Amino acid sequence: MPSSTTFRTRTGRLIPAVIVAMLLASCSSQAPQTPTETVQAKATGSSDYYLQQAQQSGDDTKADWQLLAVRALLREGKVPQAASQLAQLPQKLSAAQTQEQQLVSAEVQVAQQNYPVAATTLSTIDPSTLTDAQKARFYQAQIDASQGRTSLGLLRAYIAQEPLLQGKPHQDNIDATWSALTQMTPQDVSGITINANENTLQGWLDLLSVWQSNKQDPDLLKAGIKDWQRRYPVNPAAKTLPTQLSGVLSFQPSSTEKIALFLPMSGAAQVYGNAIQQGFNAAMNGLPGPSAQQQPPIASNATAPQTDPNAAVSPSAVETTAAQGTPTEAQPAAPATPAVSATPANPHAQVKVYDTSAQPLAALLTQAQQDGATIVVGPLLKDKVTELGSTQTPLNVLALNQPETEKNSPNICYFALSPEDEAQDAARHMWAQHRQMPLLLVPRGSFGDRIAQAFADEWQKQGGQTVLKQGLGSYSELKSTIRSGIRLTGTPVASSTQAAAPAQQGVTIGGITIPAPPSDDQITQATSGGVSGNVDSVYIVATQDELTLIKPMIDLAVSGRNKPAVYASSRSYQAGAGPDYRLEMEGVQFSDIPLLAGNNPQLMQQAASQFKNDYSLVRLYAMGIDAWDLANHFSQIRQIPGFQVSGTTGQLSANENCVIHRKLPWLQYRQGSLVPVSS
């Protein structure tokens with residue numbers, strides 16, 4: 001009789017029981033398994049695992065495995081495969097599977113960036129019938145489908161999702177809710193109608209009101225937040241404050257008794273460093289206030305000295321080769337808030353200047369710390385600011401330029417008069433004036449590419465779609481093409497998250513570059529027959545001389561009443577524009593810093609005389625004035641979201657990386673005069 005640990009085969013051979021057990025286990029592992037997680041739960045496995053199980057399963061469980069596989073594929077970034085697998089689901093599904101199919105279909109549509117279709121799909125789902133895990137996904141799909149555009153529906157989605165989250169996702173939800181609220185305009189808020197039972201939403205709106213009323217005063221804001229927490233103890237933000245507000249409760253102003261001014265005080269860039277230093281000292285010692293009768297910016301018949309507009313912090317500063325003319329007679333009205341330093345004069349402040357052209361940045365930072373400085377203002381040149389990002393220092397730093405890529409450093413803020421910043425402001429201004437299809441005329445090359453990219457990114461952030469770009473050649477090239485005119489033609493600018501298509505190259509003959517013809521994917525608008533296409537606005541980055549050629553060519557390119565609105569950057573505004581020029585620029589809107597826009601004529605007259613009407617240096621002088629203000633409000637700018645400084649270079653506020661952005665005044669040529677634009 002065989003042992004109990006062996007089996008006898010038909011041939012009489014004995015097989016150990018352990019081998020039999022292994023064979024049986026091998027067979028069972030290849031059999032289809034019932035999912036251990038339901039289709040409503042989290043899909044934590046890999047797509048390969050789920051797909052393998054689906055292939056081995058019968059009709060009863062195959063759809064469950066497929067639905068889990070679709071979600072895993074989405075999590076792994078395999079969107080086409082997820083869509084393909086979704087399309088292979090069987091026609092006959094259970095009620096639970098059908099509900100999950102609808103939800104995952106919306107998630108696939110969001111991943112495909114088909115947001116309108118996703119919103120329609122989500123509208124067919126009743127969230128009350130979903131499990132908590134499904135609800136969290138449902139509301140996230142709603143949030144993603146909104147594309148970041150604040151609306152009452154978006155706020156409700158965040159609020160409904162909040163109790164379903166824990167840990168970091170919960171804090172992210174609180175922060176995102178606050179971010180959406182702070183993007184709303186006062187008109188948006190006043191237009192909100194909420195239901196009587198929406199206590200959480202009402203609490204959020206009251207917190208927004210507290211912030212808007214007190215954000216310029218840290219002590220009042222701190223008291224307001226604490227009072228709000230007492231009034232709304234069960235609001236999720238009362239228990240977990242938004243990250244941007246949590247620092248307010250521990251806010252302490254930084255010391256500015258000893259300031260280190262890092263500027264190029266020798267070499268080619270010394271002229272720029274001198275202009276900023278003079279503005280900084282002027283603000284520290286006290287600025288002249290605006291006179292009762294507003295005066296226009298000073299102009300001169302003399303041609304201003306040559307400067308390189310791209311060498312200093314202000315690449316938007318013009319090449320001062322403006323045609324000679326008579327002083328302007330325009331008298332633009334001043335904005336309600338005069339551009340006078342908001343920080344009281346303090347001539348006793350200790351300021352030491354360090355020459356960044358003479359020593360390495362790291363050595364200067366060490367020296368400033370040893371000298372007892374509490375804040376550094378500068379450096380100015382971009383290479384030094386880039387170097388700053390990899391240099392460790394405990395000092396607060398207000399850099400007077402910004403790196404190519406933004407980086408959030410807890411003790412650094414970036415303040416630059418950059419053309420990219422102007423372009424972003426132009427995008428907001430033109431969007432507010434209900435423009436739909438802008439064409440950008442920018443210098444050919446990397447300089448113009450950066451401006452176009454900044455404009456396009458901001459335009460799409462506002463809700464706009466296609467932005468067209470056309471590269472401009474030099475003044476001599478423009479002059480040679482006067483007879484052929486200019487076409488309202490451009491290449492679509494890809495957003496910064498998309499890969500731009502390679503552009504065709506022009507041909508250079510005899511020193512003149514002939515642009516490449518439009519490719520098939522370029523968008524061309526009509527010429528002499530009027531604007532039959534969609535271009536309704538043109539933003540031009542050009543010198544005054546170049547704009548003198550471009551504006552008439554645009555006028556000749558189109559006829560009738562449907563001419564595009566024309567906008568220009570500060571690069572085109574310089575001393576020496578006579579009445580003929582102002583009449584020729586009829587209708588053109590342009591932006592510039594408040595000091596040049598007429599906010600403080602007395603200060604402007606003083607600065608214009610000091611710098612012989614070189615507006616590029618006047619802008620840097622104004623930058624020095626605002627650097628004093630920002631240095632004295634460094635902690636507020638760094639820690640209090642939405643804090644603003646009304647400066648001579650614009651209305652100043654910082655983003656989450658403490659990059660200072662400027663809202664600029666806009667002026668318009670009208671019947672030979674300059675008038676402010678209200679938008």
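**Close-ups from a predicted model**

**View 1. Helix H4 and its buried residues.** Four residues of H4, which spans 79-87, are buried: Val79, Ala82, Gln85 and Leu86. Look down the axis of H4 and these buried residues fall within an arc of 125°, so they line one face of the helix.

View 2. S5 (375-377) and S6 (396-399) run parallel and are joined by three bridges. Together, S5, H17 and S6 make a right-handed β-α-β unit. S6 also runs parallel to S7 (residues 412-414), again with three bridges between them. Here Ala399 has Tyr414 of S7 as its bridge partner. As for the side chains of S6, Asn396 and Leu398 point one way, Val397 and Ala399 point the other way, and all are buried.

**View 3. Gly378, tucked into a loop.** Gly378 lies in the loop that leads from strand S5 to helix H17 (382-388). Is this glycine buried or exposed? Gly378 has a relative accessible area of 0%, so it counts as buried. Leaving aside residues up to four places away in sequence, Gly378 touches Phe262, Val397, Leu398, Ala399 and Leu400. Take Val397: it is 19 residues from Gly378 in sequence, while the C-alpha atoms of the two are 7.1 Å apart in space.

View 4. Searching the whole structure turns up 17 aromatic pairs. In one of them, the rings of Trp178 and Trp211 have centres 5.6 Å apart and planes at 75°, so the pair is edge-to-face. This pair links distant parts of the chain, since Trp178 is in helix H9 (residues 167-182) and Trp211 is in helix H11 (residues 199-214), 33 residues apart. Trp178 is buried, at 1% relative accessibility, and Trp211 is buried too, at 5%.

**View 5. An aromatic cluster.** Five residues make up this one: Tyr573, Tyr581, Phe590, Tyr615 and Tyr669 form one aromatic cluster.

Methods: Residues are numbered from 1 along each chain as its sequence is written. This is a predicted model: local features need pLDDT of at least 70, side-chain atom pairs count only at pLDDT 80 or more; totals for chains, interfaces and linings use all residues. Side-chain values use heavy atoms; hydrogens and water are left out. Buried means under 20% relative accessible area, exposed over 50%, partly exposed in between (1.4 Å probe, protein chains only). Helices (H or I, at least four residues) and strands (E, at least two) are DSSP runs, numbered from the N terminus. The arc is that of the directions from the helix axis to the C-beta atoms. Contact means heavy atoms within 4.5 Å. Rings of Phe, Tyr and Trp (its six-membered ring) pair if their centres lie within 6.5 Å; planes under 30 degrees apart count as stacked, over 60 as edge-to-face and the rest as tilted. Two strands pair if DSSP finds at least two bridges between them. A crossover is right-handed if, with the strands pointing away from the viewer, the path from the first strand over the helix to the second runs clockwise.
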